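Please look over the sequence and the structure shown here, and then read the notes that follow.

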Amino acid sequence: MASPMHLAVGKSKFVNSATGLEVDDGPISRVHEIKTPKVDRVLLRQYHQTREFVTGTLCLTDRHLIFVEPTGAQETWVDPLVLYHHISGVERQSLTTRGYPLVLSCKTFQQLYLIIPRESDIVDIIETIHMFAQPKVYSELYAYQYRPDSSTLKQSSGWSLYEAEFDYKRMGIPNELWQATNLNHSYELCDTYSHDLYVPVCATDDIIMGSAKFRSKGRLPILSYYHSPQQSALCRSSQPLAGLMGRSQEDEEMIQCILKASPNTSTLHVMDTRPRINAMANRAAGKGYEASGYYSNTDYQFYNIHNIHVMRESLQKLIEGQGMRIVSVCLSAGVHTPHQTVSGFLSCLESSGWLRHIQLILEASLFSSRSLQAGSSVLVHCSDGWDRTAQTCALTSLFLDPYYHSLHGFMVLIEKEWLSCGHKFSQRCGHTVVEEKETSPIFTQFLDCVWQVAQQFPTSFQFNEHFLVTLHDHAHSCQFGTFIGNCEKERMEQRLSEKTFSLWGHIWDHLDDFINPLYQRGETREVLEPSTDIRHLKLWRGLYGRYFLHDRLMEKEEELMASLHQQNACLHEHILFLSQSVSALKLGLEKLHRRQSCANISSEGVSTATNKTELDDETSTRNNDLGNEGTNPSGTGREDGPSERSSLSPPPFPPSPRRLSPSPTSSAEFRGYLDHLPEMNLPWQPLRSVTRCACGRAFTFLVSKYHCCYCGTVSCNVCASNVAPLPWHATQQPHRVCRPCHKLMKRRLEMEISEAASNT
């Protein structure tokens with residue numbers, strides 16, 4: 001393995017802990033700016049690990065912070081392998097007898113406690129982190145250098161996932177009530193909206209442009225979702241400039257146009273997601289809200305969802321409530337970390353107000369959904385219409401439309417409501433240098449709300465929890481270009497689709513990792529109505545507390561279900577393979593019977609019935625022998641099964657079925673066919689019996705378990721990332737296999753190619 005110094009100055013490959021992929025760090029371009037590329041004798045302590053401290057080498061590249069732990073004569077990489085973009089805070093604490101403490105807080109809710117031996121080194125480390133964590137320009141982000149170590153992931157993959165025309169056509173738009181407008185084709189009407197906008201047919205160009213002038217940032221009311229059964233519309237906008245300009249005839253007419261495009265209602269619900277006091281404060285500053293006296297036939301309501309500053313502080317309290325701050329203070333003082341009491345934890349959770357915020361967002365979205373089902377159209381806005389508005393509109397669409405419950409549909413939903421409509425990802429996630437007051441966990445809250453709904457409807461969503469966590473982590477990682485930028489116009493100007501990879505392409509390339517095994521497509525509900533009672537809401541431990549969970553012995557329900565589905569699919573394909581083999585044997589027997597009958601009649605006159613009976617007896621004996629090999633008298637599986645084989649190398653790979661005669665016509669061919677008939681390895685190794693992968697990675701809440709479909713052993717997502725067709729399957733459909741089995745298959749294929757070349 002390369003030395004830490006080599007890793008810091010060359011083109012490096014390593015396992016990214018966020019994705020589980022072996023990735024290429026790309027050509028190092030700013031490594032010369034790192035004053036100290038590695039620091040020896042560093043102490044690391046992670047709260048989720050049972051070990052107190054680990055001594056190793058801290059390596060600094062221009063993209064990652066890597067801790068290398070020496071084990072005997074070899075070096076092994078352990079967590080953390082941290083992207084600089086994931087680091088949200090660096091705290092230097094008081095000098096201790098061991099050295100200079102450094103606490104790193106991450107946007108993934110991980111906290112690392114390092115003790116650096118020399119003061120000069122800790123100064124250089126802090127300077128390096130500050131230099132690379134938040135660059136000044138987009139072109140210095142990781143996405144511009146990232147190159148995946150996967151030949152199947154193309155650079156263009158995923159960038160054409162969302163087409164507004166297709167999604168709105170699926171809703172029945174355009175129609176006689178709603179149409180597309182090209183007034184924002186070059187972003188001249190509103191530079192934070194998409195160039196594809198849908199408005200009422202009766203809204204003239206003058207009305208549209210006048211309304212845009214009267215709305216904050218030019219974000220006029222546009223169609224977000226169309227509920228075709230009731231011909232009701234969900235629209236979104238920003239707040240009106242009522243305090244500055246008083247009123248606008250064009251904006252008032254725009255609201256009436258939305259009403260005219262809603263034939264089943266005479267009232268438009270205007271949902272202001274802000275607290276009333278905030279809206280009144282904005283009115284005093286020149287903005288505000290719609291006055292009921294100017295906007296006829298409207299029902300105006302406030303929904304008390306707080307602003308980005310309150311949400312940022314709430315999440316910080318939530319994290320501190322889980323014990324992070326206690327841990328860092330105790331470690332700095334050199335005392336043992338105390339166990340947090342239940343009452344203390346619940347008190348911190350209550351004081352953070354996080355679940356209350358989640359509840360308010362869900363309540364607002366549920367009201368919007370019910371209004372649309374009743375035939376009433378809804379206009380949603382907050383201040384500028386890119387934070388709370390995005391949360392409410394996206395969740396409303398999710399409740400109403402089963403298409404968004406699919407993995408593809410949910411990615412389209414994020415493109416439509418978040419990326420195209422101008423949520424400021426780079427500012428809210430702190431991708432580049434930005435004031436702290438502009439950062440806020442708005443997208444994190446949305447994912448939390450989706451997770452809460454998925455907990456109540458576990459069979460309604462095609463994607464799993466790992467998918468939501470991956471979205472959260474990569475919204476901050478800057479590894480892919482999908483979430484970089486604050487609006488569609490910025491992404492077009494940066495040419496991200498040409499220079500970076502899309503997260504959607506990566507997800508589609510690893511689809512099996514993100515599928516919910518409980519998903520029932522045919523039985524999914526048309527409309528979801530989750531309970532917003534605080535008693536039904538939970539703390540999302542898989543996101544906020546994943547680094548506080550120790551190595552787990554038991555399997556997760558999701559993993560167990562996925563494994564059962566996987567094994568069931570393999571069994572079905574094996575049954576089909578055996579059925580085809582039986583058919584081939586029967587056909588061969590018939591041909592052999594006819595051949596022997598003709599030969600015996602013309603020459604020896606030997607009874608063909610006797611030959612056939614002997615051959616049938618031989619075949620039956622061979623099949624019985626094969627069946628007996630699959631089980632032992634105790635009924636626990638074959639004696640050399642995976643339970644005993646899990647710590648050993650995989651079994652020898654059988655000859656390829658393609659080399660066997662499809663229809664044996666002689667006794668010798670029959671024997672060869674039966675001798676080399678591939679068998680499926682059963683039983684598979686139980687998930688709960690494995691705590692560590694063969695590569696050494698411990699199975700924590702962060703590291704999932706996967707079965708190898710060939711040998712049945714349990715591996716991590718990195719070791720089980722290969723796929724290949726199996727010899728005992730009727731089709732050539734690839735299945736997940738571990739690294740040793742994949743190497744065996746690769747060697748077999750090379751031998752077959754070499755043998756075929758020598759024969760020719």
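Where is the place of Ala-475? Ala-475 lies in helix α16 (residues 465–477); helices (H or I, at least four residues) and strands (E, at least two) are DSSP runs, numbered from the N terminus. This is a predicted model, in which local features need pLDDT of at least 70 and side-chain atom pairs count only at pLDDT 80 or more, while totals for chains, interfaces and linings use all residues. Residues are numbered from 1 along each chain as its sequence is written, and side-chain values use heavy atoms, with hydrogens and water left out.

**Ala-475**

- Ala-475 is buried, with a relative accessible area of 0% (buried means under 20% relative accessible area, exposed over 50%, partly exposed in between, with a 1.4 Å probe and protein chains only).
- Not counting residues up to four places away in sequence, Ala-475 touches Cys-429, His-431, Phe-443 and Phe-483; contact means heavy atoms within 4.5 Å.
- Lys-107 is 368 residues from Ala-475 in sequence, but their C-alpha atoms are 10.0 Å apart in space.

**Positions listed by UniProt**

- An unreviewed UniProt entry lists Cys-382 as "active site"; UniProt positions are given in the numbering used here, feature names are shortened, and annotations may be inferred rather than shown by experiment.
- Cys-382 sits in the loop between β17 (378–381) and α12 (388–400), and Cys-382 is buried, with a relative accessible area of 2%.
- Among the residues that Cys-382 touches, leaving out those up to four places away in sequence, are Ser-237, Asp-272, Arg-274 and Asp-387.
- For "binding site", the unreviewed UniProt entry gives Asn-307, Ile-308, Cys-382, Ser-383, Asp-384, Gly-385, Trp-386, Asp-387 and Arg-388.
- These positions span 82 residues in sequence, yet no two of their C-alpha atoms are more than 12.4 Å apart, so they gather at one spot.
- Ile-308 belongs to helix α8 (residues 308–321) and is buried, with a relative accessible area of 11%.
- Contacts of Ile-308, not counting residues up to four places away in sequence, include Asp-387, Arg-428 and Ile-442.
- Trp-386 is in the loop between β17 and α12, and is buried at a relative accessible area of 7%.
- Beyond four places away in sequence, Trp-386 touches residues including Thr-192, Lys-217, His-423 and Arg-428.

**Helix α13 and its partners**

- The axes of α13 (residues 407–419) and α15 (residues 442–456) come within 14 Å and cross at roughly 145°; axes are lines fitted to C-alpha atoms, for helices over the stretch in contact, and angles run from 0 to 180 degrees between N-to-C directions.
- In this contact, Phe-410, Ile-414 and Trp-418 of α13 meet Ile-442, Phe-443, Phe-446 and Val-450 of α15.
- By class, the contact of α13 with α15 has seven nonpolar, no polar and no charged residues (Ala, Val, Leu, Ile, Met, Phe, Trp, Tyr, Cys and Pro count as nonpolar, Asp, Glu, Lys and Arg as charged, and the others, Gly among them, as polar).
- An α-helix has 3.6 residues a turn, so residues three or four places apart point the same way.
- α12 and α13 pack at an angle of about 145°, with their axes 10 Å apart.
- The contact of α12 with α13 divides into seven nonpolar, two polar and two charged residues.

**Helix α15**

- Of the 15 residues of α15, 13 are buried, so α15 is largely enclosed by the rest of the structure.
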